[in-house]
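Please have the viewer ready and follow along as we walk through this model together.

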Amino acid sequence: MWRARAAAVCVVCQSLANSSYGIKGKSPLQKLHLVSRSIHHPHYTRSKFQRPPLRTSVQQFSSLNRLPLRKTKLLSVKYGYLSHRNFWVARLASRLLKLRYLVLGSAVGGGYTAKKTYDQWKEMLPDLSDYKWIVPDFIWELDEHIDLEKLSKALPDAEDLAKLLPDFDKIGESLSSLKGFFSPGSQGETAFRATDQGYENDKQYKKGLLGELILLQQQIQQHEEEARRAAGQYNTGSSQQKRKVSDKEKIDQLQEELLHTQLKYQRILERLEKENKELRKLVLQKDDKGIHQRKLKKSLIDMYSEVLDILSDYDASYNTQDHLPRVVVVGDQSAGKTSVLEMIAQARIFPRGSGEMMTRSPVKVTLSEGPHHVALFKDSSREFDLTKEEDLAALRNEIEIRMRKSVKEGCTVSAETISLNVKGPGLQRMVLVDLPGVISTVTSGMAPDTKDTIFSISKAYMQNPNAIILCIQDGSVDAERSIVTDLVSQMDPHGKRTIFVLTKVDLAEKNVASPNRIQQIIEGKLFPMKALGYFAVVTGKGNNAESIESIKDYEEEFFQNSKLLKTCMLKAHQVTTRNLSLAVSDCFWKMVRESVEQQADAFKATRFNLETEWKNNYPQLRELDRNELFEKAKNEILDEVISLSQVTPKHWEEILQKTLWERVSTHVIENIYLPAAQTTNSGTFNTTVDIKLKQWTDKQLPNKAVEVAWETLQEEFSHFMTEKKGKEHDDIFDKLKQAVKEESIKRHKWNERAEDSLRVIQHNALEDRSISDKQQWDAAIHFMEDTLQSRLKDTESVIEDMVGPDWKKRWLYWVGRTKEQNIRNETKNELEKMIKCNEDHAAYLANDEVTTVRKNLEAKGVAVDPCLIKDTWHQVYRRHFLRTALSHCNLCRRGFYYYQRHFVDSELECNDVVLFWRIQRMLAITANTLRQQLTNTEVRRLEKNVKEVLEDFAEDSDKKVKLLTGKRVQLAEDLKKVREIQEKLEAFIEALHQEK
């Protein structure tokens with residue numbers, strides 16, 4: 001119907017035009033509304049000054065690229081001159097026709113536009129099918145339990161509903177304003193013309209915010225076509241320079257209108273994205289609360305980031321390289337890499353400095369959507385609120401600390417990756433890796449290999465054939481000083497995965513003498529490198545305290561007033577970090593979809609090879625990785641510690657008593673028994689013994705006892721830890737058990753008050769001289785005899801080593817004595833003669849006796865030193881004393897009767913037996929006390945220390961790698977990693993297909 005009426009109008013206007021020939025002035029047709037002229041153009045008189053139509057295709061890059069837009073064609077308007085005639089009937093008819101078109105077009109177009117607006121907004125709403133679980137199941141079954149007909153009857157009647165209808169007076173006012181909106185020269189003229197053109201294409205765009213955005217896209221295309229057409233006609237000849245309105249001024253006007261339209265488009269796009277972000281934030285917050293506390297699935301980008309984290313720790317020793325896509329941010333030092341990344345993440349999260357190197361290790365940043373703007377590290381549960389300045393400062397400080405920790409001593413940069421997750425509403429999902437800036441010269445304070453290390457790190461990331469290279473170039477410096485462009489062109493010579501970013505364009509516009517140089521950079525004509533796309537951004541005024549919002553406002557204001565956009569040197573879709581982030585995100589996901597399945601197949605093949613190798617080498621063993629082996633070893637160690645607490649008290653006391661006597665026996669014989677035995681009567685003997693025992697108890701004995709107890713505990717613990725357990729023993733745990741034993745013993749500290757209490761007990765035990773029965777007397781005799789015999793045997797062995805073998809051994813084994821042994825043998829014989837002459841000789845030789853022995857030996861031709869004589873005397877007298885003490889011990893076997901009578905009327909004195917009884921009883925009491933302390937306190941403390949050591953080792957991955965080694969462990973580790981990577985890749989691919 002619309003087209004039929006349009007045809008009728010064409011006939012009327014044709015007749016009006018034909019009737020105006022020969023009349024001066026403009027035809028009334030030329031005064032028709034633009035829409036009418038666009039409809040009548042097939043019948044309009046052609047002019048020789050008709051402008052040739054210029055069609056251009058401008059592709060706007062925005063988040064609305066996925067909308068089903070159509071490129072609109074500019075209506076070719078014919079220009080010509082007709083004679084003017086005042087024909088009021090034609091003018092009146094044209095006005096009536098225009099009014100009819102306005103009313104009819106408003107009614108029909110408005111209804112159709114409303115329908116299309118509803119359909120398209122319905123398509124843009126998020127898919128809430130995944131949230132059906134929020135509505136309880138009984139809601140869907142309400143129609144079975146509730147009579148809806150009765151409910152409808154209970155609703156209010158039409159009169160009540162009429163009260164709810166809108167105010168038609170206000171609607172009339174709105175229609176009046178709508179009529180003014182479509183008046184000639186208004187803003188609605190272009191929109192109405194687009195609506196009319198949409199009817200011809202059977203396509204109608206919606207009004208409102210989104211419709212206005214779409215119409216602005218059409219206006220941008222139309223303005224660009226008109227600008228190019230006008231620019232083309234400006235150079236056609238001198239005949240066109242005679243126009244009343246200068247074409248150059250018109251070109252400037254069109255370019256100005258184009259710029260304003262583009263900026264308006266950007267502002268509306270920001271508003272639309274902001275509303276979408278708020279809507280998604282509300283949905284995410286509602287989903288985050290969870291009515292039934294349902295556990296939400298991980299987002300797609302989080303699943304992908306986990307795969308990358310596992311791959312970063314995986315040792316690719318089986319030729320399975322990591323070719324999964326990442327966005328690698330490279331650039332010269334201080335070129336603005338970190339600032340660009342912060343603008344994409346919408347937070348100032350990185351440490352910053354002026355001219356110095358701040359990025360000392362790669363930082364992997366995973367951007368994902370979330371209800372709150374937060375950041376957290378992979379190995380930490382703390383969340384940093386990026387809307388709070390104190391959390392931002394703490395985050396920057398933590399990143400700097402981690403960087404410095406990763407740098408080894410003597411180095412400037414590190415290849416160790418720091419993994420950071422940033423979530424927030426409206427963030428583009430992608431994974432970026434910020435690398436240290438490329439330098440040309442190593443300055444003082446840097447390691448000599450810093451430049452080469454940075455190059456090797458950058459190449460390692462860029463040589464991934466699926467990595468997207470975000471090449472950052474500083475626009476404020478000469479392009480010839482760039483180092484990174486040559487490096488990028490080497491790694492990606494065809495530019496199939498490179499995006500070039502020119503930073504600091506505001507400074508470049510001020511400093512560069514020829515703006516065409518910036519245009520050459522953005523068009524890819526200045527550098528030899530090639531790229532998928534070129535972008536120009538502004539990352540602030542250089543003030544570190546600037547916020548992201550202020551930087552965005554400054555960037556928008558700069559490009560709004562920039563000559564680079566006004567003169568069409570830069571396109572609107574090539575500027576701002578927002579357009580850059582959209583482009584990088586699209587490239588990233590395109591690369592992910594193209595390469596992820598190939599990587600999954602590669603790891604599947606690697607898994608098969610590893611499983612085959614395990615079956616061939618370890619067919620009867622389970623595939624236990626390092627953590628599982630550690631848990632198994634931990635259980636074994638704890639079982640062995642428990643076994644330590646099951647040692648019988650008798651065993652503890654026997655070991656303690658035996659070890660303690662071995663430690664103190666020499667002191668008792670040499671420093672107590674021998675000096676006391678030199679006395680002449682029993683009173684002096686007992687007095688000497690009491691004094692010596694008191695001194696010994698106060699200074700040495702308690703400490704020696706504690707040392708013995710601690711060493712005994714260590715020996716028993718080591719025995720249980722190193723004991724072989726037959727076929728079940730696994731030598732792979734030996735290094736771990738040894739390390740746990742050493743560290744536990746090192747941490748264990750004996751109770752400091754144990755010595756004080758033990759000193760009192762020992763002192764009381766040694767003061768007791770009473771032997772109650774014959775059995776105890778015989779036990780003391782036996783203990784004394786065993787001790788003396790053991791000492792005598794040791795002494796004879798020492799003398800034999802001094803004087804050499806006797807005649808039997810020399811004859812049987814054909815061995816002889818050395819010269820020194822002959823001298824000592826002669827000295828021994830002289831000293832034995834002296835003892836035979838005086839069996840009660842004192843323990844020490846007098847000086848005249850030493851001289852006598854030396855002269856006697858010299859008479860035999862043996863030259864001897866006095867020190868050698870005294871040394872030999874000590875061993876000879878010791879043997880003599882021990883033999884005498886043994887014979888006296890045998891006499892005292894029947895001396896218990898005399899002891900009970902205090903040796904009255906008896907020549908036999910057995911005070912030495914009482915001494916050994918006191919020593920023996922002290923040893924028994926000390927062993928019992930130490931055993932109680934061991935079983936009640938020290939074993940439990942040692943068990944606690946072992947648990948703490950195992951917990952510390954469990955958290956120290958480097959320690960576990962050092963203590964659990966071998967081909968079997970490494971093979972199990974690789975198999976576990978490959979399985980985990982393959983499973984996560986398959987889960988990610990499944991989620992990726994579902995999102996499609």
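Is Cys 910 buried or exposed? At 0% relative accessibility, Cys 910 counts as buried, since the cut-off for that class is under 20%. Keep in mind as you look around that this is a predicted model.

**The chain as a whole**

The protein chain has 996 residues, and 44% of them count as buried. DSSP runs give 36 helices and nine strands. Among contacts with a separation of 6 or more, 81% are made by residues 24 or more positions apart. The chain exposes about 54,900 Å², and carbon and sulfur atoms supply 51% of that area.

**The disulfide and other cysteines**

Searching the whole structure turns up one disulfide. Its partners are Cys 892 and Cys 910, with sulfur atoms 2.1 Å apart. The link of Cys 892 and Cys 910 is left-handed, with -100° about the S-S bond. This pair joins distant parts of the chain, 18 residues apart: Cys 892 sits in the loop between helix H32 (866-891) and helix H33 (896-900), while Cys 910 sits in the loop between H33 and helix H34 (911-955). Cys 892 is buried, its relative accessible area being 0%, and Cys 910 is buried at 0% as well.

Two further cysteines are worth a look. Cys 587 counts as partly exposed, at 24% relative accessibility. Cys 867 has a relative accessible area of 57% and is exposed, because that value is over 50%.

**Helix H27**

Next, please find helix H27, which covers residues 754-767. The 14 residues of H27 reach 20 Å from the first C-alpha to the last, close to the 20 Å expected at 1.5 Å a residue. Which residues of H27 are buried? They are Ala 754, Leu 758, Gln 762, Ala 765 and Leu 766. These residues cover an arc of only 90° around the axis, so they lie on the same side of H27. What do the buried residues of H27 pack against? Their partners are helix H24 (682-699), helix H25 (701-722) and H34.

**Helix H30**

Helix H30 has 19 residues and spans 28 Å from its first C-alpha to its last, close to the 27 Å expected at 1.5 Å a residue. Its buried residues include Gln 821, Ile 823, Arg 824, Asn 825 and Thr 827. Lys 828, Glu 830, Leu 831, Met 834 and Ile 835 are also among the buried residues of H30. The buried residues of H30 pack against helix H28 (774-803), helix H31 (847-859) and H32.

**Salt bridges**

Side chains of opposite charge can pair when their charged atoms come close. How many salt bridges does the structure hold? There are 40 salt bridges.

| Pair | N to O distance |
|---|---|
| Arg 404 and Glu 400 | 3.4 Å |
| Asp 690 and Arg 918 | 2.9 Å |
| Glu 832 and Lys 828 | 3.4 Å |

Arg 404 and Glu 400 are both in helix H14 (residues 389-406), four residues apart, or about one turn of the helix. Glu 400 is partly exposed, at 27% relative accessibility.

Glu 832 and Lys 828 share helix H30 (residues 819-837) and are likewise four residues apart, about one turn of the helix. Here Glu 832 counts as partly exposed at 23% relative accessibility, whereas Lys 828 is buried with a relative accessible area of 12%.

Now turn to Asp 690 and Arg 918, whose side chains meet in a salt bridge. Asp 690 belongs to helix H24 and Arg 918 to helix H34, so the pair ties together parts that are 228 residues apart in sequence. Asp 690 counts as partly exposed, at 25% relative accessibility, while Arg 918 is buried, with a relative accessible area of 4%.

As a last stop, look for Arg 607, Glu 611, Glu 623 and Arg 979, which are linked in a network of salt bridges.

Conventions
Residues are numbered from 1 along each chain as its sequence is written. This is a predicted model: local features need pLDDT of at least 70, side-chain atom pairs count only at pLDDT 80 or more; totals for chains, interfaces and linings use all residues. Side-chain values use heavy atoms; hydrogens and water are left out. A disulfide is a pair of cysteine sulfur atoms within 2.5 Å. Helices (H or I, at least four residues) and strands (E, at least two) are DSSP runs, numbered from the N terminus. Buried means under 20% relative accessible area, exposed over 50%, partly exposed in between (1.4 Å probe, protein chains only). The expected span of a helix is 1.5 Å times one less than its number of residues. The arc is that of the directions from the helix axis to the C-beta atoms. Contact means heavy atoms within 4.5 Å. A salt bridge is a side-chain nitrogen of Lys or Arg within 4 Å of a carboxyl oxygen of Asp or Glu. Accessible areas come from the Shrake-Rupley method with a 1.4 Å probe; for residues, only the protein chains shown count as cover.
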